[in-house]
Amino acid sequence: MSKALQRLNLPGLAVMALCAGLWELYCRTLGAHFGSIASTSATVVALRDLLFDGPLAEQLWHTASVATVGWIIASALGFVFGLFLGLSRMAWTYSMASIEVLRSIPSISFVSIAVLLFGFSAKTEMVIVVYVSLWPMLLGTLGGIRAAPAGLLEVARIFRLSSAATFFKIILPVALPVILVGLRLSLTLSIALTVVAEMIGNPEGLGFGIVSSQQAMQPAAAFAYLLVIGVMGWGLNAAFGLATRRFAFAHERLS
Amino acid sequence: MIVLSRQQRSAQRRTNGDGAPLRGLLPLALGLIFWQIFAAANSPYFPPPSEWVRSLAALARAGRLWPAVGTTLMHFALALLICVLVGSAMGIVLGRSRTADRLLGPLLEFARTMPAGALVPVAVLIMGYTASMTLAVVVVTSFWPILLNTRASARSISQDRLDTARALRLSWWATQRKILLPSVVPGIRLGTQIAAPITLIIVLLVEIMTQVSGVGRQIALAQSVFRSATVYGLVALTGCFGLAVNWFIGGIGRLMRKYDPAFSSGVASN
């Protein structure tokens with residue numbers, strides 16, 4: 001118990017609370033005449049209203065599920081493509097430069113093209129999320145597989161391992177940490193792009209919530225949405241960290 | 001520091017994509033050629049590449065292209081500069097002071113996971129549709145790689161160097177300038193390499209979302225009136241920006257590796 005308390009970093013949390021308090025103070029004194037900012041207490045009240053009488057729970061579910069599903073689809077696709085390009089020299093030679101070029105196009109630009117093609121719809125949102133979060137996973141898998149040290153591959157040859165055994169016993173374990181980094185980056189991107197897609201392309205979820213409260217000049221609601229989005233992003237990342245901790249340790253033992 | 005064998009180094013080059021042969025451009029080129037041949041010139045969804053160029057030229061004639069490009073690139077450069085300054089300063093403080101690191105840790109950890117898009121409406125509420133709002137959102141979301149890498153290298157300054165400073169009785173200020181700063185430069189450089197493409201993306205993101213100024217505004221405007229050829233043209237243009245940024249970064253990275261093979265060890269990405 002005391003160990004858990006130590007790990008909690010109470011001073012750090014106190015600083016967070018202090019910042020919230022200072023913001024409250026600022027809003028009540030110097031910033032009182034600004035109609036477009038919301039104090040900490042007003043944000044909490046708005047949060048409660050949105051949660052119990054408003055659409056917040058439904059929107060949170062929508063955003064979190066789209067981000068997660070999009071991430072899973074993108075990861076699966078990215079893994080398969082990355083595997084293919086990493087294992088086939090021929091495929092790599094004849095497509096890597098194209099991939100480098102396509103990857104350089106800022107992902108956000110595709111939101112506009114997706115809206116153009118699919119209109120304001122759930123399809124737009126999903127296409128954007130999958131397209132954007134595909135890249136880190138593809139490049140992570142590819143990089144991890146190609147980074148297999150030549151020495152280890154020679155060991156596999158000496159032991160006359162079949163190509164399947166070489167893959168599962170040597171290439172995949174070496175690639176795993178890099179793949180996990182790709183997975184994590186994909187998750188971050190998929191959350192970010194889900195919110196953006198909801199703001200521009202699909203009027204649903206938390207992204208739509210925050211942008212509509214800004215346009216309706218309801219700062220308290222906008223601040224509350226921002227808080228919820230932050231907590232959701234942090235929560236999904238933390239869940240991912242917990243789920244993959246085992247593999248991270250496995251890697252530390254390995255190296 | 002890890003000294004890499006030649007094989008590992010060549011493996012690293014391969015994974016960095018530096019060695020990707022130009023033959024790999026074939027699928028992209030073929031795709032564009034087929035697109036050009038088979039798409040109708042007035043296709044509302046897939047206008048051919050020649051139409052992209054034509055619509056960009058029309059935009060340039062209307063005097064709206066180059067000012068937008070200038071604004072976007074200026075926002076990008078300015079934001080990156082501020083990112084480097086803020087990120088390296090905070091990184092040094094957090095890396096050298098365990099107390100500061102512990103005090104600010106949870107706050108920064110929470111702020112780091114905040115998606116850029118979500119910040120835009122709140123930033124608009126606080127600062128209005130202004131250039132400083134654009135810069136604020138961009139800096140707040142893209143300086144993390146610089147902060148993390150600077151912090152990592154500030155933490156791992158070798159004790160020998162610090163002892164040397166003490167033996168030479170350097171003043172506090174001289175120690176910072178002669179020992180600390182040179183030691184964190186690799187971290188700042190690495191962080192900047194990771195942050196630069198992110199900065200470009202976020203600049204465009206804010207421009208598209210708020211339609212304040214720049215290329216992003218032109219994309220959003222063209223999309224809202226279904227000028228699809230203009231949208232494709234501008235997206236291709238942003239791709240050129242991205243390529244230029246990546247090429248520049250890759251060039252710096254290659255130069256570093258040439259003179260200091262151990263340079264890319266100790267990467268801490270976002």
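In this predicted model, helix 8 of chain A passes helix 10 of chain A in a right-handed crossing, a crossing being right-handed if the near helix is turned clockwise from the far one by less than a right angle, and left-handed if anticlockwise. Because the model is predicted, local features need pLDDT of at least 70 and side-chain atom pairs count only at pLDDT 80 or more, while totals for chains, interfaces and linings use all residues. Residues are numbered from 1 along each chain as its sequence is written, and chains are lettered from A and ligands numbered from 1 in the order in which they are written.

**Exercise 1.** Work out how helix 8 of chain A is oriented to helix 10 of chain A.

*Solution.* The two helices of chain A, helix 8 and helix 10, pack at an angle of about 160 degrees with their axes 7 Å apart; axes are lines fitted to C-alpha atoms, for helices over the stretch in contact, and angles run from 0 to 180 degrees between N-to-C directions. Angles under 35 degrees count as roughly parallel, over 145 as roughly antiparallel, 65 to 115 as roughly perpendicular and the rest as oblique, so helix 8 of chain A is roughly antiparallel to helix 10 of chain A.

**Exercise 2.** Find which residues join helix 10 of chain A to helix 6 of chain B, and how these helices are oriented.

*Solution.* Here the packing angle is about 45 degrees, and the axes of helix 10 of chain A and helix 6 of chain B are 7 Å apart; the two helices are therefore oblique to each other. Helix 10 of chain A brings A:Ala192, A:Val195, A:Val196 and A:Met199 to the contact, and helix 6 of chain B brings B:Ala116, B:Gly117 and B:Ala118, where contact requires C-beta atoms, placed from the backbone, to lie within 7 Å.

Key
Helices (H or I, at least four residues) and strands (E, at least two) are DSSP runs, numbered from the N terminus. Two residues are in contact if their C-beta atoms, placed from the backbone, lie within 7 Å.
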